[in-house]
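This report describes how the copies of a chain are arranged and how they touch. The sequence and structure come first, and the description follows.

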Number of protein chains: 4
Amino acid sequence: MNSIGKEFVVTSFGESHGKCIGVVVDGCPAGLELDVEKIQKELDRRKAGDDLTSSRKEEDKVEIISGIFNGFTTGAPITMLAWNKDVEPSEYEKRRFLLRPGHADYTAYMKYGGFEDYRGGGRFSARITAGFVMAGALAKQLLNLLNIEILAHTIEIGGIKISDVTIDDVRNNTEKNEARCADLKVAEKMIERIRQVRDEKDSLGGIIEGIALNVPVGLGEPVFDNLDGELAKALFAIPAVKAVEFGSGFRSSRTKGSENNDIFFMENGKIKTKTNNSGGILGGISNGMPIVVKVGFKPISSIPKKQKTVDVKDMVETEIETIGRFDPCPVPRAVPIVESMMGIVLCDFGIRTGFISRVIK
Amino acid sequence: MNSIGKEFVVTSFGESHGKCIGVVVDGCPAGLELDVEKIQKELDRRKAGDDLTSSRKEEDKVEIISGIFNGFTTGAPITMLAWNKDVEPSEYEKRRFLLRPGHADYTAYMKYGGFEDYRGGGRFSARITAGFVMAGALAKQLLNLLNIEILAHTIEIGGIKISDVTIDDVRNNTEKNEARCADLKVAEKMIERIRQVRDEKDSLGGIIEGIALNVPVGLGEPVFDNLDGELAKALFAIPAVKAVEFGSGFRSSRTKGSENNDIFFMENGKIKTKTNNSGGILGGISNGMPIVVKVGFKPISSIPKKQKTVDVKDMVETEIETIGRFDPCPVPRAVPIVESMMGIVLCDFGIRTGFISRVIK
Amino acid sequence: MNSIGKEFVVTSFGESHGKCIGVVVDGCPAGLELDVEKIQKELDRRKAGDDLTSSRKEEDKVEIISGIFNGFTTGAPITMLAWNKDVEPSEYEKRRFLLRPGHADYTAYMKYGGFEDYRGGGRFSARITAGFVMAGALAKQLLNLLNIEILAHTIEIGGIKISDVTIDDVRNNTEKNEARCADLKVAEKMIERIRQVRDEKDSLGGIIEGIALNVPVGLGEPVFDNLDGELAKALFAIPAVKAVEFGSGFRSSRTKGSENNDIFFMENGKIKTKTNNSGGILGGISNGMPIVVKVGFKPISSIPKKQKTVDVKDMVETEIETIGRFDPCPVPRAVPIVESMMGIVLCDFGIRTGFISRVIK
Amino acid sequence: MNSIGKEFVVTSFGESHGKCIGVVVDGCPAGLELDVEKIQKELDRRKAGDDLTSSRKEEDKVEIISGIFNGFTTGAPITMLAWNKDVEPSEYEKRRFLLRPGHADYTAYMKYGGFEDYRGGGRFSARITAGFVMAGALAKQLLNLLNIEILAHTIEIGGIKISDVTIDDVRNNTEKNEARCADLKVAEKMIERIRQVRDEKDSLGGIIEGIALNVPVGLGEPVFDNLDGELAKALFAIPAVKAVEFGSGFRSSRTKGSENNDIFFMENGKIKTKTNNSGGILGGISNGMPIVVKVGFKPISSIPKKQKTVDVKDMVETEIETIGRFDPCPVPRAVPIVESMMGIVLCDFGIRTGFISRVIK
């Protein structure tokens with residue numbers, strides 16, 4: 001339901017226009033000196049803020065209400081939240097029963113019998129990912145102890161793709177532009193395209209690539225708690241995600257084994273592979289190469305453009321115009337969210353496998 | 001680890017060249033008249049048998065050793081297994097320490113310290129999916145009570161794709177050809193291509209589309225037990241799967257919201273959508289439209305062609321030739337496996353949501 | 001770790017002298033009109049307040065920060081908390097490394113390497129049961145929909161026992177006295193005994209009986225998710241509980257089968273048993289008779305009396321005097337806590353078994 | 001349902017008069033050299049065999065069908081089973097609808113709508129504990145690596161109690177007598193009493209004490225996955241168990257804190273307690289002292305003596321005489337079962353806490 005993980009358990013709570021968005025993290029080992037600034041910084045990356053994003057302005061200041069003592073984790077559950085400030089519930093009353101095409105309005109109404117908090121999508125709003133990012137920022141601090149680095153960047157928006165970039169491009173360029181694209185020239189085109197579509201009162205999808213470096217060999221459990229399966233499950237929890245592939249993914253479906261197999265070789269006494277078509281995962285277990293996953297986002301469904309729909313109360317066809325705040329493209333803000341979900345899953349496996357020991361020495 | 005599901009729990013056991021392959025299904029409601037023939041029929045679909053598949057010949061006869069009484073489920077755990085017959089362990093001793101590129105040999109060795117059963121891939125062999133199919137065949141019988149139908153078919157092999165086919169094509173044509181492709185003409189080309197690559201001692205990947213019809217609105221739990229997330233997790237448990245997408249998937253990442261949103265309309269007093277880009281899932285919950293998922297398989301890694309690799313014992317570079325039985329393409333035999341994983345997940349949610357009541361009346 | 005339940009999942013957070021005590025309840029069906037006053041009333045029952053209890057004065061005002069909309073549950077996780085007000089951390093610094101005999105100081109220190117929040121016992125304080133009571137009060141409102149009534153009362157303190165009382169005595173008398181004993185005369189003796197031992201700077205244990213009425217037949221899952229097993233697990237989560245028995249419990253170990261077996265008979269077309277030695281549970285499943293459980297509490301370990309102990313930092317023997325606030329007997333305040341744990345477990349099984357439907361109609 | 005444990009997961013299957021009784025153990029680390037003789041020996045301890053036990057004669061020969069390779073555990077799920085041989089189903093047809101007082105016949109019938117396997121109690125038979133013992137015997141071999149020793153012995157039968165015995169008495173005397181009592185003189189009286197009651201066609205209850213020695217400090221998770229809570233849950237899965245207490249248990253409810261608190265002192269540089277009223281558990285976590293638990297069994301409900309009951313089909317009152325095989329007292333055969341449940345739980349925590357590493361070096 002609203003928890004993920006086995007030994008590093010993240011429980012999400014809060015609603016888009018409720019009092020707060022938050023998260024409880026259970027299973028974090030004691031003894032981590034928590035850098036709250038880093039958590040805030042990740043939250044800030046996720047925030048709306050420029051003309052490419054929603055006009056909703058939330059301070060999103062993280063507040064930690066349990067689990068930290070004298071600046072260190074204690075082994076107790078860590079509860080983090082941000083109070084909602086900029087809520088406009090009245091807006092949502094007007095179109096209470098008008099189903100936004102492509103949105104969860106319909107399935108939520110059917111599942112919860114009309115009792116769901118529908119304001120701004122309630123639990124189905126991308127706003128709940130603020131909680132994911134708090135947990136992810138904590139996970140990343142634990143993973144840093146193992147020297148694991150997690151990166152994500154935009155590789156495609158509205159059909160505009162990057163060509164190959166280096167890890168250093170990703171490290172250096174991603175935060176330098178509003179598209180979070182590691183290729184600064186392509187980034188400009190993406191931004192231009194988003195603006196154009198926004199002005200059409202429409203929205204765009206795109207693809208994010210997530211990368212985890214220095215992951216030790218051995219994370220992941222056969223046969224059902226695969227590293228790829230758990231990563232996929234976590235990534236599909238991000239609103240608007242419709243596709244996930246590892247390594248060469250669907251492209252590998254068009255190749256021959258002799259082309260796609262990553263050849264093992266020796267380097268400095270360690271076994272590595274020449275290519276990384278597997279995306280760092282063999283048999284559901286990390287093989288020491290970079291974990292590489294591509295995450296496909298559909299265009300945000302909630303658009304100002306007039307659309308046909310149904311009034312679920314009267315069960316008649318009608319039209320809807322979503323007046324108000326919207327993000328024309330989910331992708332740039334989702335970059336830290338993808339990193340967070342990867343961090344949460346890797347942290348869980350790190351604890352399960354004993355790489356992150358329960359009491360940090 | 002080796003269990004999946006929350007209320008319909010499937011536990012896998014057995015090894016490729018051990019005594020048996022089996023599965024325990026816990027949580028199956030009492031009172032289902034079990035059709036064992038149907039389970040056997042699904043197992044037979046998964047079996048090797050023609051010149052496109054491995055020469056390993058297993059009878060794969062399902063034996064039920066618990067949970068059934070007088071032909072009905074009792075509410076107790078159902079244990080099903082097939083005894084392994086055609087095992088050739090000696091073959092594997094020779095290349096014990098030669099890592100097959102693209103295979104789990106390396107990660108298994110590292111994770112289990114050399115104690116893993118390496119014969120034929122052991123727990124990492126696609127042979128364990130025989131157990132998945134037993135559980136899936138049971139799940140399908142439960143889903144039939146809700147009128148849910150699950151289908152899968154090959155839509156692409158080695159770059160050869162089908163064009164649009166109807167549901168009836170899928171129902172009628174899939175089992176008529178060795179490629180399990182619903183377009184009989186394209187099927188011939190696929191088969192031709194597999195034969196050609198097989199003769200090159202190489203292998204091919206491909207894509208399977210899974211479809212679930214008549215799924216009621218409301219299966220799936222926000223925010224972490226999404227229907228899409230759980231389906232993805234289950235599908236990534238199939239060996240060689242590297243990509244999963246729902247509905248228009250990665251294609252939606254290249255569209256605009258106004259193009260991708262599925263417009264709601266009324267039909268016979270029910271709410272439907274004109275298109276199904278969402279693949280039947282909105283906000284992680286089924287919306288009553290067909291569930292549509294595409295599953296990308298890499299080419300099978302274990303090929304007879306000579307490849308460079310490493311000897312993990314001596315830590316030196318060397319070469320490997322996988323003499324012996326192999327499948328040149330995993331896709332045709334995986335069609336019933338994809339159906340099984342979909343069935344297992346839908347059954348679990350069917351029970352969780354109360355659509356399949358705990359005691360069948 | 002800090003969660004309990006499968007479909008009605010209660011996650012506890014907060015520390016004795018941290019910012020707050022709280023709980024997240026996930027899996028509560030949508031559509032329950034929540035009576036917050038009733039939750040507050042249960043919290044008030046748990047509060048210290050008279051001369052038999054700790055002098056710590058906490059307002060314990062419940063605040064709900066997620067999951068409720070327009071007064072109803074929405075199906076989303078419900079987060080409830082009470083902010084800590086009356087904290088005196090300085091007191092605890094002085095005897096930081098002096099292990100209180102019988103307390104978790106030692107095991108917490110060893111498990112968390114000294115990073116645990118030791119102030120007032122931190123996570124090991126009985127104060128965290130305020131969260132249990134919030135969740136239990138919610139559970140009881142759900143169970144009321146099935147007409148299930150949960151009661152608890154003190155049956156023994158410091159060796160002073162009640163004789164038989166009726167259900168109406170329990171309903172009418174328990175809240176009328178500080179011992180929460182249904183026999184008002186025995187209650188006076190218990191209170192007298194507590195005062196006496198308190199003046200000796202010592203503490204007392206006792207026994208609470210929990211009763212659940214109108215529980216339908218069929219709650220509980222064989223073989224490992226027994227109703228008795230899950231109730232026991234939940235009750236042992238209450239600090240100071242050392243013993244749990246159902247029905248005639250240890251007494252039945254001294255009887256013969258012909259004496260202990262509850263004879264079935266017909267009453268108004270329903271099957272009942274003449275006696276209830278089973279405590280309403282046969283084969284781990286409720287049989288429709290009252291669930292009856294006895295819960296044994298040890299005397300509170302934290303007493304003002306001087307005791308020998310060890311300084312865990314210097315690893316030397318020394319003495320400790322716990323100056324400050326203490327409860328001379330845990331039992332009276334634990335009565336609503338026992339009810340809460342029973343409510344949480346029954347609610348979980350009520351949902352799992354389909355008696356409490358996921359969307360309340 | 002039919003699984004217990006988080007990282008060392010035991011799944012039970014099989015029925016009293018079905019084909020077999022078995023168990024899947026998932027999460028056992030790779031690299032343990034399994035002593036199958038020891039498993040058989042534990043099974044033999046559980047078997048009926050003398051005139052104090054049922055006349056059902058089962059060979060109970062353990063067969064391992066997965067998870068072991070070259071004599072070592074591989075990290076894969078270990079499936080163990082014993083085929084049922086001595087089944088007499090016809091006996092059970094005659095009294096199909098006659099509810100045995102005190103047995104699960106009634107609750108099983110109601111829960112599974114008559115589809116349950118009722119032969120010999122089906123899933124509710126104590127015969128399923130053969131599977132628990134297989135898993136427990138495996139767990140004990142893992143715990144031996146940590147030098148943990150698990151013992152159990154009969155301390156009371158039909159009101160006849162032992163006085164204090166030493167650990168060596170338990171080690172040396174328990175297997176020397178049919179009552180499994182460490183005091184050989186008291187054992188004679190217990191045996192005499194069982195014979196007497198057996199001849200009355202009646203049954204007896206009793207109490208077993210379980211002890212775990214050399215348990216490291218730190219097993220158990222606050223606040224809901226307590227060591228005591230998980231042990232209690234596992235012990236209540238044994239049929240006929242109605243009461244569980246740790247250390248001084250209910251007796252501590254009659255004492256004062258100053259009497260019950262275990263005083264810490266130093267011994268050879270280690271912290272110990274002078275008494276062990278806590279039963280080795282403080283705050284839900286092991287404190288390094290022996291884990292001591294008392295388990296109360298009711299007399300076996302299935303007795304040959306004529307009893308009043310109800311016919312659940314016709315819903316009329318009638319009488320029942322359970323002709324056939326029965327155990328007059330569950331306690332002696334339950335001694336290895338108590339040890340097994342303790343072993344399973346300690347093993348699970350041993351893995352979770354990292355004391356038993358995932359790959360045994």
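## Basis and symmetry

Copies are superposed by least squares on the C-alpha atoms of residues with pLDDT of at least 70 in both. The model is a predicted one, in which local features need pLDDT of at least 70 and side-chain atom pairs count only at pLDDT 80 or more, whereas totals for chains, interfaces and linings use all residues. Residues are numbered from 1 along each chain as its sequence is written, while chains are lettered from A and ligands numbered from 1 in the order in which they are written.

Chain A is superposed on chain B by a rotation of 180 degrees with 0.0 Å of shift along the axis, at an RMSD of 0.0 Å. Chain C, in turn, can be laid on chain A by a turn of 180 degrees and a shift of 0.0 Å along the axis, with an RMSD of 0.0 Å. These two copies are thus related as by a two-fold rotation axis, and the same surface serves both, since 100% of the contact residues of chain C recur in chain A.

## The contact of chains A and B

Two residues count as in contact if their C-beta atoms, placed from the backbone, lie within 7 Å. On that basis the contact takes 86 residues from chain A and 87 residues from chain B. Helix α7 (residues 227–236) of chain A gives the most to the side of chain A that touches chain B, with six residues; helices (H or I, at least four residues) and strands (E, at least two) are DSSP runs, numbered from the N terminus.

Because 100% of the interface residues of chain A are also interface residues in chain B, the copies meet through the same surface. Strand β11 (residues 241–246) of chain A pairs with strand β11 (residues 241–246) of chain B in the antiparallel sense over three bridges, where pairing requires that DSSP finds at least two bridges between the strands. Within this pairing, E245(B) is the bridge partner of A243(A).

## The contact of chains C and A

Here 36 residues of chain C are in contact with 36 residues of chain A. The elements of chain C that give two or more residues to the side that touches chain A are β2 (9–14), β3 (20–26), β4 (63–66) and β6 (72–73).

## A helix pair within chain A

In α4(A), residues including F132(A), V133(A) and L143(A) take part in meeting a set in α10(A) that includes I337(A), M341(A) and L346(A).
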